[in-house]
Amino acid sequence: MSPEERLRKLEELRQELIKLRLQAKMGLLKDTAKIRNTKRDIARILTIINEEKRRAKQ
C-alpha cells in the first residue's frame, strides 16, 4: 500500500468505528467483535506508518 492509500484506509476505518460504536449504543449491533477487529486494523496501520517514520529519520 502506498502512504496515501494507508491514510485513506485509516480514515475509512475510523469512520466505521464511529458507526459501530453508535450502533452498539443503540443496541443494533449484533457482532460486537467488529469493534475490536476495527480497532486492531487501525492499530496495524498506525504501526506501519510509525515504523516508516522511524526508518526515514535514520
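Glu 52 is found in helix α2, where helices are DSSP runs of H or I with at least four residues, numbered from the N terminus. The model is predicted, so local features need pLDDT of at least 70 and side-chain atom pairs count only at pLDDT 80 or more, while totals for chains, interfaces and linings use all residues. Residues are numbered from 1 along each chain as its sequence is written, and side-chain values use heavy atoms, with hydrogens and water left out.

With a relative accessibility of 31%, Glu 52 counts as partly exposed, since buried means under 20% relative accessible area, exposed over 50%, and partly exposed in between (1.4 Å probe, protein chains only). From Glu 52 to Arg 21 the C-alpha distance is 30 Å, and the two residues are 31 apart in sequence.

How do the two helices lie relative to each other? The axes of α1 and α2 come within 9 Å and cross at roughly 155 degrees; axes here are lines fitted to C-alpha atoms, for helices over the stretch in contact, with angles from 0 to 180 degrees between N-to-C directions. That angle makes α1 roughly antiparallel to α2, because angles over 145 degrees are counted that way. The crossing is left-handed, meaning that the near helix is turned anticlockwise from the far one by less than a right angle.

The largest nonpolar core has nine residues: Leu 10, Leu 13, Leu 17, Leu 20, Leu 29, Ile 35, Ile 42, Ile 45 and Ile 49. Helix α1 (3-26) and helix α2 (33-57) each supply at least two residues of this core. A nonpolar core is a set of buried Ala, Val, Leu, Ile, Met, Phe, Trp, Tyr and Cys residues joined through side-chain atoms within 4.5 Å.

Beyond its neighbours within four places in sequence, Leu 17 is in contact (heavy atoms within 4.5 Å) with Ile 35, Thr 38, Lys 39 and Ile 42. The C-alpha atoms of Leu 17 and Asp 41, 24 residues apart along the chain, are separated by 10 Å.

Thr 38 gives the view from helix α2. Its relative accessible area is 4%, so Thr 38 is buried. Not counting residues up to four places away in sequence, Thr 38 touches Leu 13, Glu 16, Leu 17 and Leu 20. Further along the chain, Ile 49 touches Arg 6, Leu 7 and Leu 10, with the same exclusion of residues up to four places away.

Which residues are exposed? Glu 4, in helix α1, is exposed, with 53% relative accessible area. The C-alpha atoms of Lys 57 and Met 1 are separated by 20 Å, and the residues are 56 apart along the chain.

Notes. Parallel < 35°, antiparallel > 145°, perpendicular 65-115°, else oblique.
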